[in-house]
Amino acid sequence: MKNLDFNLKNLIFLGFLLLSTTLLGQQKWTLQKCIQYAQENGLDIKRAELNVQDASLQEQFAKQERLPSLSANIGGGSSFGRRIDPSTNEFVNSQIGYNSGNISANITLYNGGRIKNTIKQSGINRAAFKADFDQSTQNMALDVAVAFLNILLAEDQLENTKKQSELTASQLDQTERLIEAGNRPAADLLDIKAQLAKDEQLVVNRENDVVLTYLTLTQLLELPPDKPFKIVRPAVEIPSDRDPENFRLENIYRNAVNNQPGIQAGELR
């Protein structure tokens, strides 16, 4: 009996431990956290960052072309064999050692401005890749925000569909009572059952939509599919002065042309 109580306590303890571990592992992700994580770990952003580093190195190499070059080498060796002694006209064995060395330096005085223009071109390429990096960062933030909003939309649609299904179920119960009382024909029950079946199917579809929208966001964040993941619904207050009618297409387009890094990268190139 004591062993049974001991095992039961161990099972309860392990159950609480697993539950607490699951709750701790399921972190709440805000929109700001999702964007920051994606910008720090996104593969496209890392690739753009490497392009910036490579362009910076190319610019340094171009600047080093102005510096003089210096080279030096030394060598040595020996030879041995038989030769004729000119004084005695006889064959003698001999061994000869030798050493050599040289140093050379080069500097470009003028080559038609190639070095200067190459440095300028390398600087422009670096600035263009930096603009590409900024554009990738903005695109990632926008993609994450859209995926985040799609989750909120899917969850709202699921909640509304569940309420509609509950309302149809309530109507079904009320119709059954009216039919039993003889106030409604039995055929009305079939229509409501068909509507309830459609509502229940729509609930399943909405649940699948929520799963798919979460999958889209986890793929953008480069998270493993088995990682517990849940977003935090933000409390959004829309300012009264944010009326879409106050914005003009010309102003929006002009601001985009002047501020979008992708446009700047294209102009630099």
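## Close-ups of a predicted model

**View 1. Helix H5 and its buried side.** In this predicted model, helix H5 buries Leu189, Ile192, Leu196, Asp199, Val203, Val210, Thr213, Tyr214, Leu217 and Thr218. What do the buried residues of H5 pack against? Their partners are helix H2 (31-41), helix H4 (114-181) and E4.

View 2. What is the phi of Glu222, which is not a glycine? It is positive, at about 60°. This positive phi comes just after H5. As for cover, Glu222 counts as partly exposed, because its relative accessibility is 43%.

View 3. The structure holds 3 aromatic pairs. One of them joins Trp29 and Tyr37, edge-to-face, with 5.2 Å from centre to centre and 85° between the planes. If you're wondering what those two values are for, a pair of aromatic rings is described by the distance of the centres and the angle of the planes. Is Trp29 buried or exposed? Trp29 is buried, as its relative accessible area is 2%, while Tyr37 is partly exposed at 26% relative accessibility.

**View 4. Tyr214 meets Phe229.** Here's another aromatic pair: the ring centres of Tyr214 and Phe229 are 5.8 Å apart and the planes sit at 85°, so this one is edge-to-face. Why does the pair tie together parts that are 15 residues apart in sequence? Because Tyr214 lies in helix H5 (residues 187-220) and Phe229 lies in strand E4 (residues 229-231). Tyr214 is buried, with 12% relative accessible area, and Phe229 is buried too, with 11%. Now put the two views together: Trp29, Tyr37, Tyr214 and Phe229 form one aromatic cluster.

**View 5. Charges over rings.** Go back to Trp29 and look for Lys33, whose charged end sits over the Trp29 ring, 4.5 Å from its centre. Elsewhere, the charged end of Arg269 sits over the ring of Phe129, at 5.1 Å from the ring centre.

**View 6. The largest nonpolar core.** In soluble globular proteins, nonpolar side chains tend to be buried together. The largest nonpolar core here has 22 residues, and those touching the most other members are Cys34, Val144, Leu217, Leu221, Phe229 and Ile231. Which elements each supply at least two residues of this core? They are H2, H4, H5 and E4, and H4 gives the most, with 9 residues. Zoom in on Cys34: leaving aside neighbours within four places in sequence, Cys34 is in contact with Trp29, Val144, Phe148, Leu217, Leu221 and Phe229.

**View 7. Stepping back to the whole protein.** The secondary structure comes to 7 helices and 4 strands, running α-β-α-α-β-β-α-α-β-α-α from the N terminus on. Buried residues make up 19% of the 269 residues. Among contacts between residues at least 6 apart in sequence, 73% join residues at least 24 apart.

Conventions
Residues are numbered from 1 along each chain as its sequence is written. This is a predicted model: local features need pLDDT of at least 70, side-chain atom pairs count only at pLDDT 80 or more; totals for chains, interfaces and linings use all residues. Side-chain values use heavy atoms; hydrogens and water are left out. Rings of Phe, Tyr and Trp (its six-membered ring) pair if their centres lie within 6.5 Å; planes under 30 degrees apart count as stacked, over 60 as edge-to-face and the rest as tilted. Buried means under 20% relative accessible area, exposed over 50%, partly exposed in between (1.4 Å probe, protein chains only). A charge sits over a ring if NZ of Lys or CZ of Arg is within 6 Å of the ring centre and within 35 degrees of the ring normal. Contact means heavy atoms within 4.5 Å. A nonpolar core is a set of buried Ala, Val, Leu, Ile, Met, Phe, Trp, Tyr and Cys residues joined through side-chain atoms within 4.5 Å.
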